[in-house]
Amino acid sequence: MLEVKLHTGRTHQIRVHMAHINNPLIGEKLYSKGRSSSAERQMLHAWKLEFTQPETGELLKIEAPIPDDLQKILSEMTDEK
């Protein structure tokens, strides 16, 4: 599991860089180089977002729990060890 800070807000940069170091994301189809996974989507999750609301200038902080499908994959990986 990694914590990645995006400056552009684009997940593509995570996908490309991880594939470049030969560690594609679980569920990645385009850059996975033939690796398969039981995940039905890319296992990316923005657990925390912070941004300035453009009209009010208020700093907004939003957090979201890990989705069930990602939690299941993480549990399976932990059980394998």
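User: Before we start, what counts as buried, exposed or partly exposed here?
Analyst: Buried means under 20% relative accessible area, exposed means over 50%, and partly exposed is in between. Glu50, at 44% relative accessibility, therefore counts as partly exposed. Keep in mind that this is a predicted model.

User: Fine. What does Glu50 pair with?
Analyst: Glu50 makes a salt bridge with Lys48, and their closest N and O atoms are 3.9 Å apart. The cut-off for a salt bridge is a side-chain nitrogen of Lys or Arg within 4 Å of a carboxyl oxygen of Asp or Glu, so the pair qualifies.

User: And Lys48, how accessible is that one?
Analyst: Lys48 has 38% relative accessibility, so Lys48 counts as partly exposed.

User: How many salt bridges does that rule give?
Analyst: The count comes to 4 salt bridges.

User: Which residue does Arg41 bridge to?
Analyst: Arg41 meets Asp69 in a salt bridge, with 2.7 Å from N to O. The pair links distant parts of the chain, 28 residues apart. Arg41 sits in the loop between α1 (12-20) and β1 (48-52), whereas Asp69 belongs to helix α2 (residues 68-80).

User: How accessible are those two side chains?
Analyst: Arg41 has a relative accessible area of 28%, so Arg41 is partly exposed. Asp69 is also partly exposed, at 34%.

User: What about Leu70, buried or exposed?
Analyst: Leu70 is buried, because its relative accessible area is 10% and the cut-off for buried is under 20%. Leu70 lies in helix α2.

User: Which exposure class does each get?
Analyst: Lys72 counts as exposed at 54% relative accessibility, while Glu76 is partly exposed at 31%.

User: Switching topic. How much space lies in the largest pocket?
Analyst: About 1,200 Å³. The lining has 26 residues, and the closest to the pocket centre are Leu2, Glu3, Val4, His45 and Trp47.

User: Which helices and strands supply the lining?
Analyst: α1, β1 and α2 each supply at least two residues of the lining of the largest pocket.

User: How does the lining divide by residue type?
Analyst: The lining of the largest pocket has 18 nonpolar, 4 polar and 4 charged residues.

User: Which residues make the nonpolar surface patch?
Analyst: Leu49, Phe51 and Ile62 make a nonpolar surface patch of about 250 Å². Ile62 is in strand β2 (residues 59-63). With 43% relative accessibility, Ile62 counts as partly exposed.

User: Now the loop between α1 and β1. What is the phi of Asn22?
Analyst: Asn22 has a positive phi of about 65°, although Asn22 is not a glycine. Asn22 lies in the loop between α1 and β1 and is partly exposed, with a relative accessible area of 43%.

User: Where does Ile26 lie, and how far is it from Val4?
Analyst: Ile26 lies in the loop between α1 and β1. C-alpha to C-alpha, Ile26 and Val4 are 15 Å apart in space, and they are 22 residues apart in sequence. Ile26 is partly exposed at 30%.

User: And Lys33, buried or exposed?
Analyst: Lys33 is exposed, with a relative accessible area of 67%. Lys33 is found in the loop between α1 and β1. The C-alpha atoms of Lys33 and Ala19 are separated by 8.3 Å, and the two residues are 14 residues apart along the chain.

User: Last one. Where is Pro65?
Analyst: Pro65 is in the loop between β2 and α2. At 69% relative accessibility, Pro65 counts as exposed. Pro65 and His45 are 20 residues apart along the chain, and their C-alpha atoms are separated by 9.0 Å.

Note on methods:
Residues are numbered from 1 along each chain as its sequence is written. This is a predicted model: local features need pLDDT of at least 70, side-chain atom pairs count only at pLDDT 80 or more; totals for chains, interfaces and linings use all residues. Side-chain values use heavy atoms; hydrogens and water are left out. Patches are made of residues with over 30% relative accessible area and no salt bridge: like charges are joined within 9 Å, nonpolar side chains (Val, Leu, Ile, Met, Phe, Trp, Tyr) within 5 Å. Accessible areas come from the Shrake-Rupley method with a 1.4 Å probe; for residues, only the protein chains shown count as cover. Helices (H or I, at least four residues) and strands (E, at least two) are DSSP runs, numbered from the N terminus. Buried means under 20% relative accessible area, exposed over 50%, partly exposed in between (1.4 Å probe, protein chains only). On a 1 Å grid over the protein atoms alone, a cavity is a set of points where a 1.4 Å probe fits but cannot get out, and a pocket is an open set with protein on both sides within 12 Å along at least five of seven lines; lining residues have an atom within 4 Å of a point. Grid points are joined across faces, edges and corners, and a volume is the space filled by probe spheres set on the points. Ala, Val, Leu, Ile, Met, Phe, Trp, Tyr, Cys and Pro count as nonpolar, Asp, Glu, Lys and Arg as charged, and the others, Gly among them, as polar.
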